[in-house]
Amino acid sequence: MEGLISASGERRLVKAVCAVVIKGYWDKLLKPKIGSLVTSSVTNQALLDLSPYSFSISWSFFKWVDTVPQYKHSLQSSWLMICILTKQRHLKTAQNLLEKIARRDFLSSPAVLNALVDSDGESDVNSHVLSWLVIFYANSKKNPDALQVFDHMRVCGYKPHLHACTVLLNSLVKERLTDTVWKVYKKMTRVGVVPNLHVYNVLIHACSKSGDVEKADELLCEMESKNVFPDIFTFNTLISLYCKKGMHYEALSVQDRMERGGVSPDIITYNSLVYSYCREGRMREALRLFNDFSTRVSPNHVTYTTLIDGYCRVGDINEALALRGTMEAKGLYIGVVTYNAILRKLCEEGRIQDANKLLNEMSGRKIEADNITCNTLINAYCKIGDMKSASRIKNKMLEAGLKPDEFTYKALIHGFCKSRDVISAKGILFDMIGSGFSPSYCVYSWLVDFLNDDEAVLKLPDELVEKGLCADVTVYRAMIRRLCKKERIDCARRVFVNMQTKGILGDAVIYTNLAYAYSRCGDALSASALFDEMYKRRLMVTLKIFKSINASYANDSGLLDVLWKSMVERGLISKSIYKQIEQLNM
């Protein structure tokens, strides 16, 4: 269609279109006469020519063209309209249009942005539109796209709006992309974006999530130097961070500081402080604080639940139940978290009957059990060997739409192993791997300990493969480690040979455990052969391997010293690692 109109003809068409539109009765005249000849190029030029006039003219024309049969606005036309609307300060309309095309088209690519953004256009308009795009992607949980647009702005010299930076940083914090948060913060300050209180609060929240106390302190000092005064959110986040780290003095210092600054602590402040005492079992201090602030600030369900959990952890179930009664008397909501705290303690004390009564109470109050509720009961039944009841809870869990997690599977595997039900234990193992979880060393240890028959142990990796599951080096590593620990050297060797036959290469953990097992039983020749193979494959002992084996064989210090010296002589421990080992042994 575009090729049917010459350049001069197109200019005449644009002139005619604009003349009709400006007269105000173009809707009746345009469609039958020249509507079918309108192209993206004509639309773009007409929008530019109409832009000096009122907002309604260019915007009405843009909407009208979209109704022309077999015509669809190009990306360039839509972007141009957004820029015109922005320049005319119809910001909400412009933003809505941008979000509409951002959902439909891929805009974050540098190539697309270079084609769309007019480098000769007004910098303020470009900054506005691109900042909206950053906000849209960040709010849509598309951080890679938001970062691409942000970097494009920086490279092209467009200053991002402060709000866009805040939204982007907040989205990155939610996804725990802490390193990226600090990179974006440095970039925004370099291009002249001055952080305000909201930005600092987001950054301190990032410190809280990553547990970085030093960085939080640095930010607080930076705020003071720039005369940005902390608010209740700033102080509460800092107090929460210190409390999680067990830094009571620092948390109380922040509380004192906020009060001196004219900011009154709220229930969130006090809940953090109560939590810090309860998690360490310091219930006397927690209760003293509770009694002190209760006259000024009303405790909520979080406060009572934290205290109930604290009393359960120190073994005072009666005080926990009394507090639950107080919650009921005050009309506070008793949720699943509160019940879970009490349930856990009842199960720890073996009071399964009382735990079931509590579960029935939850059901009567329409409080739905969660994973923690079910796992607590499953673990309790597994400990007493009641696998029928444990399986029943697991089935109820599935019926309620809850998904078993790693803890669920581990508790059931351990329970079935203790009950000597190998078929059920392996069945749960297969379910666990099939659900995407990687069993830990202890899971395979339970199975290896239970499978006293070497042939049954050797079959385990093959059974995994038969079920369509992966039997990789982590499976063999766990099995060999446990067999070596239990001094079942012949079985460990056979597993090792089977692994190699299947084309799976052992790692430094496997070789070191096998070598030490041979050394313990006096087979220095086999240990030496393993050292030679390690050297050929450049498998080195790391500090983590050293610590792991030392912890596993804590009573064999003399033999372990011989092992480490032999490995140093063979060049299997680097000088830097050996220095760290020597420091640990000092």
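**Salt bridges, aromatic pairs and a charged patch**

Glu348 is classed as exposed because its relative accessible area is 51%, where exposed denotes over 50%, buried under 20% and partly exposed the range in between (1.4 Å probe, protein chains only). The structure is a predicted model, in which local features need pLDDT of at least 70 and side-chain atom pairs count only at pLDDT 80 or more, whereas totals for chains, interfaces and linings use all residues. Residues are numbered from 1 along each chain as its sequence is written, and side-chain values use heavy atoms, with hydrogens and water left out.

Glu348 forms a salt bridge with Arg344, with 3.9 Å between the closest N and O atoms; the term denotes a side-chain nitrogen of Lys or Arg within 4 Å of a carboxyl oxygen of Asp or Glu. Both residues belong to helix α20 and are four residues apart, about one turn of the helix. Helices are DSSP runs (H or I, at least four residues), numbered from the N terminus. In total, 30 salt bridges are counted. Arg344 also meets Asp309 in a salt bridge (2.9 Å, N to O). Because Arg344 lies in helix α20 (residues 336–348) and Asp309 in helix α18 (residues 301–313), this pair ties together parts that are 35 residues apart in sequence. Arg344 is partly exposed at 24% relative accessible area, while Asp309 is buried at 19%.

A further salt bridge joins the side chains of Arg520 and Asp556 (3.0 Å, N to O). It links distant parts of the chain, with Arg520 in helix α30 and Asp556 in the loop between α32 (543–552) and α33 (557–569), 36 residues apart. Arg520 is partly exposed at 29%, and Asp556 is buried at 15%. Through shared partners, salt bridges connect Asp309, Arg313, Arg344, Lys345 and Glu348 in one network.

Nine aromatic pairs are counted. Among them, Phe290 and Phe293 are edge-to-face, since their ring centres are 5.9 Å apart and their planes lie at 85°. Rings of Phe, Tyr and Trp (its six-membered ring) pair if their centres lie within 6.5 Å, planes under 30 degrees apart being stacked, over 60 edge-to-face and the rest tilted. Phe290 is buried at 9% relative accessibility, as is Phe293 at 0%. Phe496 and Tyr511 also form an edge-to-face pair, 5.4 Å centre to centre with 85° between the planes. Phe496 is buried, and so is Tyr511.

Key
Helix = DSSP H or I, 4+ residues; strand = E, 2+ residues; numbered from the N terminus.
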